[in-house]
Amino acid sequence: MRITMIGAGYVGLVSGVCFADFGHHVTCVDNVEEKVTALKSGIIPIYEPGLEDMVRSNVKAGRLSFTTDLAQAVEDADVVFIAVGTPSRRGDGHADLSYVHSAARDIAHAMKGFTVVVTKSTVPVGTGDEVERIIRTERPEADFAVVSNPEFLREGAAIADFKRPDRIVIGSEDERATEVMREVYRPLYLNSAPLFFCDRRTSELIKYAGNAFLAMKITFINEMADLCEKVGADVQKVAKGIGMDKRIGDKFLHAGPGYGGSCFPKDTMALVKTAQDHESPLRLIETTVSVNDTRKRAMARKVVAACGGSVRDRKIALLGLTFKPNTDDMRDAPSLSIIQALQDHGASIHAYDPEGMEVARTMLKEVSFGESPYQIAEGADAIVLVTEWDAFRALDFRRLKPLMNTPVFVDLRNVYPGEEVTRHGFQYFGVGR
Ligand code: UDX
């Protein structure tokens, strides 16, 4: 199969590289020249474990190439995936589809022979219809079909998620296109990943419904954590106890500082807007969005309380800045709101993150960055663990304590059993325990 991937962002790059690794011929198109030049020489613009090696080996094997020339790449393709960004539109929270629509126009003018156009970007219900309409208007005689095929991979585990997904959702209303999609995914379903076929609108909604449900699950356990603190229960055990019920499941029940990242915040918001537009409001998701928003600043208040009620002129050491481990992504990271709120309370912030500091430096003002947990702990009045990087799972508390001004440890990810930290003379504060 000759596959063209439009957009070499997270989803486009990972999907393109994995398809190439499965033996397809893949061309990734991006309009940012420097990105394409870097990718050609095997330098990838994001931090994702294992991706760089896979890019290099597939480029070397001649199955993967990068270009800015969309027309040429589309002309030769059997399947064209649209994997461009769909950010939140400024002002109203709807998904901004301008990149998707512009890709559709460019594809229309370049395609030759029967071409399957696949929306892989997360797009609101009805976008497939619009892509079809755009292509039909631009090229009335074109032979094509539009398919929806959302991607469910998680950052930091992207390759494993892509190669061994729980399911592959394909929204297709054209038999030829369905056959082409079967061919594209043959290596994966040979890996026993089930293909789930449905109509295009259903497929588009599955992606949003899935993300909204997971966001709601996290928010549920976060609120439960607050209640646990009030009534003297342990949220980790509550999560375990309910998660053993197969109808509930044990995943996505880790209480923490609220969800962030490039998907959940923007997708829940876009779904809420779609539902409101159709006069079918999703009140559970509306509440999820607002509970999650307020949670981040509430975490800062937790730190203030741990410091005895004030952090004015105190030094707070933050471990972890990215929205989750194994990524350098800072989009909607809880750390951003927590830092802002602590600064509003008069604290001075010192931070360390294994991969996120380069991006964080461009986003955060008046934060001083250190090179290790121990460096930022010097003279600190509290350590706050915000992102559960593996590197923070075996801190040397004996070394940390004498460095600090006051030994307070706020563990927003419940990484440590409290007793392990208090044994070293720290005051320990977890979430929901
Ligand atoms: C998510 C979806 O999981 C994925 O299917 C979709 O394609 C894109 O969005 P991602 O944003 O990469 O993936 O990360 P994920 O691991 O889902 O975590 C999202 C956020 O939820 C993070 O901020 C994480 O810390 C938080 N989270 C997750 C919790 O607070 N508790 C949990 O139990 C799980």
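## Fold, core and ligand shell of a predicted chain

The chain has 433 residues, for which a compact globule would have a radius of gyration near 22 Å, and its own value of 23 Å agrees with this. The radius is taken over C-alpha atoms, and the globule rule is 2.2 Å times the number of residues to the power 0.38. The model is predicted: local features need pLDDT of at least 70 and side-chain atom pairs count only at pLDDT 80 or more, while totals for chains, interfaces and linings use all residues. Residue numbers start from 1 along each chain as its sequence is written.

Along the principal axes, the C-alpha atoms fill a box of roughly 75 × 50 × 40 Å. The chain holds 18 helices and 14 strands (DSSP runs numbered from the N terminus, H or I of at least four residues for helices, E of at least two for strands). Of its 433 residues, 48% are buried, meaning that 20 or more other C-beta atoms, placed from the backbone, lie within 10 Å of the residue's own. Contacts are pairs with C-beta atoms, placed from the backbone, within 7 Å. Among contacts between residues at least 6 apart in sequence, 72% join residues at least 24 apart.

Domain 1 (2-198) and domain 2 (199-433) each give the core at least three residues; the bounds come from an automatic or database domain assignment. Leaving aside residues up to four places away in sequence, Val-384 touches Val-303, Ile-316, Leu-318, Leu-319, Val-410 and Leu-412.

Helix α14 (residues 334-344) has Pro-334, Ser-335, Ser-337, Ile-338, Ile-339 and Leu-342 as its buried residues. Elements that cover them are listed here.

| Element covering α14 | Residues |
|---|---|
| α13 | 283-306 |
| β9 | 315-319 |
| β10 | 348-352 |
| β11 | 367-369 |

Just after α14, Gly-346 takes a positive phi of about 95°.

The ligand has 19 residues around it, and Glu-155, His-254, Tyr-259, Gly-261 and Cys-263 come nearest (a residue is near if its C-beta atom, placed from the backbone, lies within 6 Å). Both domain 1 (2-198) and domain 2 (199-433) contribute to this shell, so the ligand lies between them. Helix α10 (residues 200-231) gives the largest share of the shell, three residues. By class, the shell has 10 nonpolar, five polar and four charged residues; Ala, Val, Leu, Ile, Met, Phe, Trp, Tyr, Cys and Pro count as nonpolar, Asp, Glu, Lys and Arg as charged, and the others, Gly among them, as polar.

Conventions:
A residue is buried if 20 or more other C-beta atoms lie within 10 Å of its own, exposed if 12 or fewer, and partly exposed in between; C-beta atoms are placed from the backbone. Two residues are in contact if their C-beta atoms, placed from the backbone, lie within 7 Å.
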